[in-house]
Structures are given as structure tokens and as C-alpha cells.
Amino acid sequence: MSSILRTRKLALVDCNSFYVSCERLFNPRIRKKPVVVLSNNDGCIISRSNEAKALGIKMGEPYFKAKDIIVKNKVEVFSSNYSLYGDLSRRVMRTLKRFNEEIEVYSIDEAFIDLSNFPDTEVEKVGKEIRDTVLQWTGIPTSIGIAKTKTLSKVANHIAKKKQSGVTSLIGIENLDPILEKVEINDVWGVGRQLTKFYQKNGIYNAKQLKNKSNTWIKKSSNVLGSRTAMELRGIPCINLETTQAKRKSCVVSRSFGKRIEKFQELKEAVANYCLNASEKIRSESLVAKAITIFVRTSPFQRNFGYYSNAKTIDFPIATNNSIEIVKTAISILEKIFKNGYQYQKAGVMLTGLRNDDGRKNLFSSEKDEKISSLMRSIDNTNYRYGRSTLSLASAGVQKKWNMRRQYSSKIDTADFFALPRIKI
Ligand SMILES: [Mg+2]
């Protein structure tokens, strides 16, 4: 009964300029300077410090377009370093779980956390405590918005971003209209570009106008998702917290190459590396794959060199997460789909039909299988401790000419404490 009377209180914790904050952690020299982080192959700007925002550098802007401002203002530039960001993200999420196990990791730098157990009058204080703890334990600054629904906590988070304290609670505010009036319709969570156009055509320019529109009109003219958003703006929860992380059904590793590659040998090294990453990933989640797909393609924009793309799938005889078997199968597929005389721009591996590795033995298991799985475990442990690809397979190559362009990488391989060398005294 009490759960019905009690208001639901959800906090959205969002890391501020997350990738920039990660780089700053290991580089105190750039704490107060304008900083940007670039996407894969140093293409676009995907994270900006406040100082960089103030210079007018836009989110998603191609690097070459912003180069003049960057050079003139001595903006610090970093290539993205996802293994570092991933490690720090996991650390932030682990810290959040100290306040409530029930969190939904929404993206690499955002999570919803249920605070319904705290009294209305205390949630803002709890929010501040969460913010301080995350900052102290991980060094990452966050903004926290608290409200009755996910959509409203997103609104609260927008406001928190601009506040010194970094925390905003909308709990206990009777009339939210003055706040919602200031939120542009395209900034409302779940309202994409198409829907924005449609709403604007119908005179809806801000969150308050959507909230006050009748459900029948919204349902009739947009869809169920649209009316769900409007309900949530009214404070009626329609979108649940998804805390039980559904196990993934597939695992994809694919990249565009830093430069075009033509040789089978180079393509083989790239594919072998993607396979190692993918198999390590599924092993870490205790999954095995039923099938593997390899795909390759040339650039769709350089048709004068001839366009070619192909993919092929093979079922494993027995579901597996064994790197050696996965790489071997991948290379046998690559031999079938590779064609000479093309400039390849992208390749990838997809492991599908994932299911729990129950460690069950079957008719075909042998002592050899046992040895292989203990070898895989020691490869994973060593790489976890000493940095990725300390131990690898010969087919993964050593030169990695095909690697992404990462000219400005901070080269910190991992932020994990286990990766630090240990000294015995
Ligand atoms: Mg963020």
C-alpha cells in the first residue's frame, strides 16, 4: 500500500563533458584550459570543456572546420581513448550502486537511480551527497536532476548543468509550468528531429505546450510514444527503470581503417584483432556464440576505385568463446570473401546467437578443451592486468598499419588500478 502512496523519485546522474573530464584526470595541466575530444579517426568533435564551448566550438563539428579557432586559442585536442573512458564509466556506476543497487546505466556517462526510499524533503541533499562522493572517489564531476519521471528528471538535469551546486530537484514543486515553458520542444527527452518538426507545425514549441495538449490529439496525430512523453511531463511515470540488464544477443566489433588497405595480410590482421576483442568481450560476460559473420567493404564514396562489399556467416559446430577457434573461422571466411584489387575501408566481425556459457561438457569435450579454456582465462587475466594485447595471437599481427588514426591520443591504456605496476618493498 505504502508503495502506491509514496511518490516515485528518480535521479538522472550525467557526467559533465565526460571524455574531457577523463582526459583531465590524468593531466592536471589542462584542468582550466579549453579541451576537445575527437571521434574515431579524429573526425568530429564529440566532447568539449566549458571553456571550449565558450569559444563557440560546436558539438559534432568536423575537426578541420574548427581548426582555426582551435589553433588560435591553443585548445588542447585529444583522440578518443575508449578503453580509458570505459574503465572510468564502470567506476562511476559502481560508486552510484553504493546508494542504490537499482540503477539503469543509460549510456557511458548517464545513469538513472531510484531514490524513492528517501523522504521528499531530503532528496536534494542526497543528490548532493551522490555528486560529492562520485567526485571524490572517481574525480569525475556530474550533474544530477531529480523528479517523479524519467522525462522530468532529464529536464531537471538540464537545469542542474547550469547551476554551481550541480543538483536540481523538482520534487514537491506544485506547478512546473514556468519551468517547462523554458524547455524547447526539441530538448524534450524522446522528441527527435521528425517529431520536433511536426509539433512545431502544430504550434507546440516548448514542453509546457506539449504537456497541456490533449492525449487524444497526441495519440491520434503522433503515436503512443508521443503520448507517453506528455504523460511523463505531467508527472505520471510511463517509462520504467530498466535495471536488469538484459544480456546481449550479439556482439559486433567493426571499425573504419585509418587508411585504405588492399593486402589480404593486413585485412587478416585487422579481422583477427576484432575477433580477439569480441571474444574477450563475450568471455567477460560468460557467453558463448553460435555463429560468426565477417564483413568487408570499400568506401561508398570512392566509386571510381570500384565498390565492393560482402559478408558471410558460418555456424560453429559447438557454441564457443574460444579466441583461437573464432579467429580461425573468421580467417577462413575472409579467404572466401576477399577480392584482390580493391581498397578496403571497413571490416567487422559479428558474433551471434549468444547464450550463457554453462560450462557444460558434451560428447565432444575433451581434455584439450579444458586446456584451451584455461589458456583463454590466463590471456584475459594478463591483458586485464598489463593492458590490452599484451598477450595475443600471431595472426593478429604486430605492425597494425590498419589501426585507426589516433594522432592525439593520451596513450593511457587503462585507468584500472590492477594495470599499475606493483612494487614490493
Ligand atoms: Mg554527459
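Reader: How many salt bridges does the rule count?
Author: The count comes to 10 salt bridges, where a salt bridge is a side-chain nitrogen of Lys or Arg within 4 Å of a carboxyl oxygen of Asp or Glu. This is a predicted model, in which local features need pLDDT of at least 70 and side-chain atom pairs count only at pLDDT 80 or more, while totals for chains, interfaces and linings use all residues. Residues are numbered from 1 along each chain as its sequence is written, and side-chain values use heavy atoms, with hydrogens and water left out.

Reader: ok, and which residue does Arg29 pair with?
Author: Arg29 forms a salt bridge with Glu76, with the closest N and O atoms 3.4 Å apart. The pair links distant parts of the chain, since Arg29 is in the loop between helix H2 (18–25) and S2 while Glu76 is in strand S4, 47 residues apart; helices (H or I, at least four residues) and strands (E, at least two) are DSSP runs, numbered from the N terminus. Arg29, Lys33 and Glu76 are linked in a network of salt bridges.

Reader: Is Glu76 buried or exposed?
Author: Glu76 is buried, with a relative accessible area of 17%, given that buried means under 20% relative accessible area, exposed over 50%, and partly exposed in between (1.4 Å probe, protein chains only).

Reader: What about Lys154, which partner does that one have?
Author: The side chain of Lys154 meets that of Glu110 in a salt bridge at 2.6 Å, N to O. Lys154 lies in helix H7 (residues 150–161) and Glu110 in strand S6 (residues 110–114), so this pair ties together parts that are 44 residues apart in sequence. Both Lys154 and Glu110 are buried.

Reader: Last one: what does Ser49 touch?
Author: Leaving aside neighbours within four places in sequence, Ser49 is in contact (heavy atoms within 4.5 Å) with Ser17, Val20, Arg24, Lys33, Pro34 and Val35. Ser49 is found in the loop between S3 and helix H3 (50–54), and at 0% relative accessibility Ser49 counts as buried.
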